[in-house]
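Dear colleague,

Please find below the structure that I am handing over to you. A summary of the findings follows it.

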Amino acid sequence: MTHEDAPRAGVATDASAGRAPENPDGPEVPEAPEVPEQRRDEESATAGLTTAPLDEGAGGAGAPGGPEREGERARGAGSFGGTRAPGVGGALSWTARELVGWGRWFWRQLTSMRVALLLLLLLALASIPGSLIPQERSDVTVAADFRQRNPGLSEIYDRFQLFDVYSSIWFSAIYILLFVSLIGCILPRTWQFVGQLRARPPRAPRRLDRMPAYTTWRTATPPEEVLAAARRRLRRRRFRTDLADQPGREGQVAAEKGYLREAGNLLFHVALIVMLVAFAAGQLYHSEGGKLVVQGSGFTNALPQYDDFSSGRLYDVDDLERFGFTLDAFHYRYSRDSVDIGTPTEFRADVTYWTDDGTETSDTIEVNEPLRVGDAKVRLLGHGYAPVVTVTDAEGNTAFSGPVPFLPQDNAFTSTGVIKVSDYVGPDGEHDQLGFQGFFNPTYNIDEVRGPHSTFPEPDYPVLTLNAFHGDLGIASGIPQNVYQLDTDDMEQLRDESGDLFRFDLLPGESVELPDGRGTLTFERYENWATFQITTREGNSWALAGSMAAILGLVGSLFLQRRRIWVRARTGPDGMTVVEMASLGRTESAKIPEELADLAADLQPDAPMEREPEPEPDAGPGPEDPAAEAQADPDPDPDSEPDLARDPDPGTEDDAGTEPDADAERKPDSASSAEGARP
C-alpha cells in the first residue's frame, strides 16, 4: 500500500468542529452545545506543549485580571487589595494586599519575554556611547584630549557618566535587571519542564476529529493488535508512548515528541546568563596595557613598565603574570604592486621571553597569533621606526644618545617625534635644555603642499628632518608630559647665521653643527620598534562556551517541533475495528499532517483498511402494488433519460403548446435543479 493509498489526514476547522451532521432531506438540526467535560479534555490534551508562563490578566471572569477585578478597580476598591475593611486592621490588611499584589505584578512583568527583549535592546543601545566616546578606563590620554578640546560637552558627558559607560549606574541597572529577568524566567520554566519529562503523555480527547490533523479507517484487525503495532511504530520514530490501561484511557495510545525544543529554549536562556556572567567577570577582573618596544630592548610585566594601563575594579595589580620578553628582531615587508601598494605582506616579531622560574624560550608573535604566558596574552599591534641620535653639548660631551621612536601618521609611515635633551651644557657653561621636533620619512619626498613626507613604508630613502629649540622643557614641574610632544611655551627656536629658523635634513651617518657653538647632532642609524598589547581577562572561555550553547539552543528551538499523536482503536457496531489517529503541534506546521499520514500508511500492513460495503440498490415496490403499476415508466429503454420534471398528470404529457426548447430547459442538470422541480 502506497502513501497515496493511506487514509487522508484532514484539517478540522472551527466551523466544522462540534457541528452535527447535516440532513438535506429533513429539518435543520441545531448545533450541539459543547460539553464542559469535552472542553476540559481538549484543554488537558493541548496543555503543556510549552513552558512559557501564561498571562494571568488574560483570564475570564473571576480571574485575577478578569472583568470582576476590573469592576472592583472601576468602583475604586483598589487594584489588588479588594474591598477595604473598616478600622486600622482593615487598612493595614488592604495595604499589605496592595503591596503583595503590586510586587507580584512587577515580578510578572520583569520576567516576561517582552521585558527581557526590551532590556536586551536597551543594553545594546547603552553600549553605543561606550564605543563612540573615549573611555577613561581604556584610554586616559584620548579622554583627556577630548576634555581639553570640548569643555562644555565634557560637562554633560560627566553628568551622565559617559566617559565611564560600562561602570555607570544606569548601565549597571540595565545589566542587573536583565540578569534578574532571565533568572526569573528560567527557574519556573525549568521546574515545569522537569515535570513534563516525568509526566505521561496526556490522554486523547473524546473528539479526536477536532484536532488539526485527523484520519480514521475501518479494519478487521482486533483493537489490541492495532494499538500494539501503533506503539511499536511510534517508539521506532522516537516518540515517548503510553499504552493506557487505566480508566478513561482504555483503547488508546498517547505519544509525544519534541522535548528538545523546550530544552533548546532553556539552553538558550541559560547560555545568555553564562555570557552575561562571563562579560561581567571580564569587566571586573581584567588588565590591559600597551608597550612600545624598540628592537634590542626588553619589557618586564610590571606596572611601571607600561606606556598605558587599565584594569577592572576588582583586579589586583599584584596578580600580574610574572614574565618578560626581549624584541630580538622585527620582520616586515610591504607590497609594491600598484593595486595593493603599501599593504603589509609580512609582519612578525621574534622574541625571547622568560618566566619567574628563570626559563627562557624563543617564540614568534604575529598579528593573529599572540604569545600566551600563563593567563596573559601578548599581541602584536603596530610597527614603526626609531632614529638613533647622538647629541653632544658645547663642551663636546655626549648629552644624549639612543633610539627615539617616531609615530607613523599615514600608511606611508610619515612619522613625527621629538628628542628631549635635559642634561646639556650651553656655550656659556651654564646648564641648559634642548628640544628637537620633526619628521622621519622612510622614503623621503617634499612638495609645496605637504612639505616633507614619505611615499612608501619601507626605508628606501630615509631622511630625518628636525627643528631645534633651547630653554625649559618643563619636565621638572612635576606635571606628567607626553614623551611624543614638545612643550615650546618656555623655549626659543634656534636660528642660523643668516637669522632664519634653524632646520636641517639628515641621512643615516650624517651630522650637523648646532648654531652658536651649541654642539652637534648625529643621525647614527634607525631601528625598528613594535607595539604590544598585554591582556589578562577572565571569562573568555565561558563567554565562548555560552555563545556556542546559545546558538545550539536557538537552532533547537527554531527547527524542532513539539507535537503529540493519539491512536484510538475500538470495536464498531458492525464488529469491525474503527481506528482513529490525530496529531497536534505547538505551532501550525505542514509537517504535522504529513507525519500523521506517514504513520497511518506505515500502520496499514498491520491494520489494513476495509472498504465500507456499498448500499444495496432499492428494489422499489412490488408489481402487486396497483399504485406502483400506475407509476411505472411505460418506456423501458435503459438509454432513455428519465424526465424528473414531468408533470405527474398523464393528461398533460403531450402539451402541443410547449416549445421544443422548453423541455430542454426543464431537463435537470444537477441534483439541486431536480430537487427544485419536484412537485
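Glu 262 and Arg 189 are joined through their side chains by a salt bridge, with 3.5 Å from N to O; the term denotes a side-chain nitrogen of Lys or Arg within 4 Å of a carboxyl oxygen of Asp or Glu. Because Glu 262 belongs to helix α9 and Arg 189 to helix α7 (residues 169-198), the pair ties together parts that are 73 residues apart in sequence. Helices here are DSSP runs of H or I with at least four residues, strands are runs of E with at least two, and both are numbered from the N terminus. Glu 262 is buried, at a relative accessible area of 0%, and Arg 189 also counts as buried, at 6%. Buried means under 20% relative accessible area, exposed over 50%, and partly exposed in between, with a 1.4 Å probe and protein chains only.

Please note that this is a predicted model, in which local features need pLDDT of at least 70 and side-chain atom pairs count only at pLDDT 80 or more, while totals for chains, interfaces and linings use all residues. Residues are numbered from 1 along each chain as its sequence is written, and side-chain values use heavy atoms, with hydrogens and water left out.

The whole structure contains 26 salt bridges. Another of them pairs Arg 233 with Asp 602, at 3.6 Å from N to O. This pair links distant parts of the chain, with Arg 233 in helix α8 (residues 223-236) and Asp 602 in helix α11 (residues 591-603), 369 residues apart. Arg 233 is buried at 10% relative accessibility, whereas Asp 602 is partly exposed at 28%. Through shared partners, salt bridges join Arg 233, Arg 237, Asp 602 and Asp 606 into one network.

Helix α10 covers residues 540-559. Its buried residues are Ala 543, Gly 546, Ala 550, Gly 553, Gly 556 and Ser 557. They lie on the same side of α10, because they cover an arc of only 150° around the axis, the arc being that of the directions from the helix axis to the C-beta atoms. Helix α9 (259-284) is included in what covers these buried residues.

The face of α10 turned away from that buried side carries exposed residues, among them Leu 544, Ile 551 and Phe 559. Met 548, which lies in helix α10, is exposed, with a relative accessible area of 52%.

Definitions and conventions. Expected span 1.5 Å × (residues − 1). Contact = heavy atoms within 4.5 Å.
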